[in-house]
Amino acid sequence: MTAQAASVHPTTRKPIVPSRVLLYAVLVLLTLAFVLPVYVALNTSLKSFEEVSQSGAFAPVQAPTLAAYLEAFGALKGGLLNSLLLALPATVLSALLGSMNGYVLSKWKFKGADTLFTLLLFGMFIPYQAILIPLFQFLQSIGLAGSLWALILVHIVYGIPITTLIFRNYYAGVPDALIEAAKIDGAGLLGIYRWVLFPLSLPGFVVVCIWQFTSIWNEFLFAVTLTSPATQPVTVALQGLGQGLISHYEVQMAGAVLAALPTLVVYILLGRYFVQGLLAGSVKG
């Protein structure tokens, strides 16, 4: 019966479509283009100075060592601490402010709300270079120039437009019936936010926090111009590893890996909520 069934219903192989082959070839090339720099960084960081000098960048490591990581961490530990002290409060405060703004602009309609929202979004398109000099003069006038508080303030203000946009779209998907029910129960403006919207905001906060933390951690222009040597974050300290008569590529690569680890950890811990939060805020707004 099995042989007869096989003869009656012969297996047919799908024809090879040239466009699909080309698509997969392009995807493989793009994957290699992304993976190769990561491989070079990890591979080089595990080599000694002598092995780096004698082998190419793509040659596999022969005698793995963590000496480059120890040296890089010793040079970057101050910058890593400054980056944490900068990114954590700036991320949390900008997310909270953006959440409150998004709540008011989406659920408490008032005259000029759409115009205010449009003007607020202009902050997303202002280049850093355009306001760098007046920003430095302002921070100097209030006594914050060269301090970590200056960077925290700048990233909070610069983060408000994008966080407001994300939360406004996110809260637009919350049924108005919940807001009306809370009003009937006697909740006011802050009460509705505290007891109704805030508990529903976890996916939105995950998206905003990942976006803000990554942007703040990797930012360089404000970091190099608005801080002093004692308050420079890791992005500025990282360039110091490349100075000197002899380039220690293994230390530079180890430093790059160490600088990238915190954002990688954030994505690993919160990544499963990221797409959920993006989709929740893409329905309407």
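Leu 86 sits in helix H4, where helices are DSSP runs of H or I with at least four residues, and strands are runs of E with at least two, numbered from the N terminus. At 2% relative accessibility, Leu 86 counts as buried (buried is under 20% relative accessible area, exposed is over 50%, and partly exposed is in between, using a 1.4 Å probe and protein chains only). Setting aside neighbours within four places in sequence, Leu 86 is in contact with Leu 148, Leu 151, Ile 152, His 155 and Ile 216, contact meaning heavy atoms within 4.5 Å. Tyr 170 is another matter: 84 residues along the chain from Leu 86, its C-alpha is separated from that of Leu 86 by 26 Å.

A word on what you're looking at. This is a predicted model, so local features need pLDDT of at least 70 and side-chain atom pairs count only at pLDDT 80 or more, while totals for chains, interfaces and linings use all residues. Residues are numbered from 1 along each chain as its sequence is written, and side-chain values use heavy atoms, with hydrogens and water left out.

Ile 216, one of the contacts of Leu 86, brings us to helix H10, which runs over residues 202-218. H10 has 17 residues and reaches 24 Å from its first C-alpha to its last, close to the 24 Å expected at 1.5 Å a residue; the expected span is 1.5 Å times one less than the number of residues. H10 is mostly covered, with 12 of its 17 residues buried. Among them are Pro 203, Val 206, Phe 213, Ile 216 and Trp 217.

Not counting residues up to four places away in sequence, Tyr 273 touches Leu 202, Pro 203 and Val 206. Leu 189, by contrast, is 84 residues along the chain from Tyr 273, and their C-alpha atoms are separated by 28 Å.

Now for the charged pairs. The count comes to two salt bridges, with a salt bridge taken as a side-chain nitrogen of Lys or Arg within 4 Å of a carboxyl oxygen of Asp or Glu. In one of them, Asp 176 pairs with Lys 107, and the closest N and O atoms are 2.8 Å apart. Asp 176 lies in helix H8 (residues 176-184) and Lys 107 in helix H4 (residues 67-107), so this pair ties together parts that are 69 residues apart in sequence. Lys 107 is buried, with a relative accessible area of 12%.

Asp 114 also forms a salt bridge, with Arg 168, the closest N and O atoms being 3.7 Å apart. Since Asp 114 is in helix H5 (residues 113-121) and Arg 168 in helix H7 (residues 148-172), the pair ties together parts 54 residues apart in sequence. Asp 114 counts as partly exposed at 49% relative accessibility, whereas Arg 168 counts as buried at 13%.

Back in H8, you'll also find Ala 181, which is partly exposed with a relative accessible area of 36%. Ala 181 and Leu 264 are 83 residues apart in sequence and 41 Å apart in space, C-alpha to C-alpha.

Next, the domains. The protein chain is divided into domain 1 (18-52) and domain 2 (67-281), with bounds that come from an automatic or database domain assignment. Their C-alpha centres lie 30 Å apart. Eight residues of domain 1 are in contact with 10 residues of domain 2. The area buried between the two domains is about 700 Å², and carbon and sulfur atoms give 78% of it; buried area here is the accessible area (1.4 Å probe) that two parts lose on being put together, summed over both. Ala 41, Ser 45 and Phe 49 supply 60% of the area that domain 1 buries against domain 2, more than any other three residues.

Across this interface the rule finds zero salt bridges. H2 gives the most to the side of domain 1 that touches domain 2, with four residues.

H2 (residues 18-45) is also the place of Asn 43. Asn 43 is buried, with a relative accessible area of 6%. Not counting residues up to four places away in sequence, Asn 43 touches Ala 57, Phe 58, Ala 59, Pro 60 and Val 61. A polar atom of the Asn 43 side chain lies 3.0 Å from the backbone nitrogen of Val 61.

Definitions and conventions:
Polar contact = N/O pair within 3.5 Å; in protein donor to acceptor, adjacent residues only side chain to side chain.
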